[in-house]
Amino acid sequence: MAVVVVSDSSARLPPDELKRHNIREVPLHVLVDGTDLRDGVDDVPYDIHDRPKVTTAGATPAELAETYRQALADSGGDGVVAVHLSAALSSTYSAAVSAAREFGPAVRVVNSRSAAMGVGFVATAAALRAADGGDLDAVEAAARSALTRTHVFVVVHRLDNLRRSGRIRTTASWLGTALSLKPLLCLDVDGRLVLDQRIRTIGKAHAAMVEKVAEVVGDDAAEVVVHHVDHHDAADELGAALTQRLPQLTSLTVADMGPVLSVHVGAGAVGVAVRVAAP
């Protein structure tokens, strides 16, 4: 058999990618008017990011344990590597660590320190190593190696959702600046959402994000996914700018950010996840 990789729905891996890489997915949760909706399983309202009383929740230890149990059985005992949304952004990682204790060293949990396809890039790096016949140690090592080569940037159109969700400190000094502020945010080495630059217009913010991606990619090959929240045109334009700026990209796709992340960053947000090729 082979090591099986597990991730969660924040990774935004499409069904065909999950099937191709034999990755198991645990849904995160969106809570709407007292109704618990599972991301990727239940129908979530398209305008979820515009609703004022929506919250999100990570996967539960029971959900994770059940998925790990099935994945471990399917691996024939070879083991499971679980890659999850940044521990700084969700309770899913801590729940995963708790759930994995039941299985001892056969289930390894990796904090992606990332979000959206940043999680997906780490998970697929692990899955590719598993498909090559790597043992549990090698597959875990492939995931951890991808951590240092994966970067996520996002420009939010409004700060309301981030304030409401608590994913940024409401006391942060930069929140008190002009309403026209379009912050360029990034996930730092600990997987925290932090301010990278303060920029006055969306156009300049998107241009700055292109330059940040170019900076981390350098002359290397890389894969990119441009994410958006109800802003497909801007995502397409950003993708075109990245393709022109970085002709060595091996792939670039555009995808929505998904309901869980959309609740936190709000309508109009555009982000980029990038995985730089291994040397």
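Modeller: Happy to! Helices (H or I, at least four residues) and strands (E, at least two) are DSSP runs, numbered from the N terminus. This is a predicted model, where local features need pLDDT of at least 70 and side-chain atom pairs 80 or more, while totals for chains, interfaces and linings use all residues. Residues are numbered from 1 along each chain, and side-chain values use heavy atoms, without hydrogens or water.

The largest pocket holds about 500 Å³ of space. A pocket is an open set of points on a 1 Å grid over the protein atoms alone where a 1.4 Å probe fits, with protein on both sides within 12 Å along at least five of seven lines; lining residues have an atom within 4 Å of a point. Volume is the space filled by probe spheres on the points, joined across faces, edges and corners.

There are 24 lining residues, and Arg12, Leu13, Pro14, Glu17 and Met117 are the closest to the centre of the largest pocket. At least two lining residues each come from helix H1 (15-21), helix H4 (117-131), strand E11 (222-228) and strand E12 (249-256). The lining of the largest pocket includes eleven nonpolar residues, seven charged and six polar. Here Ala, Val, Leu, Ile, Met, Phe, Trp, Tyr, Cys and Pro are nonpolar, Asp, Glu, Lys and Arg charged, and the others, Gly among them, polar.

Now the helix pair. The axes of H7 (residues 202-217) and H8 (residues 232-245) come within 10 Å and cross at roughly 40 degrees, with axes fitted to C-alpha atoms over the stretch in contact and angles running from 0 to 180 degrees between N-to-C directions. H7 brings His206, Met209, Val210, Glu211, Val213 and Ala214 to the contact, and H8 brings Ala234, Leu238, Ala241, Leu242 and Arg245; contact means heavy atoms within 4.5 Å. Eight residues of this H7 and H8 contact are nonpolar, two are charged and one is polar.
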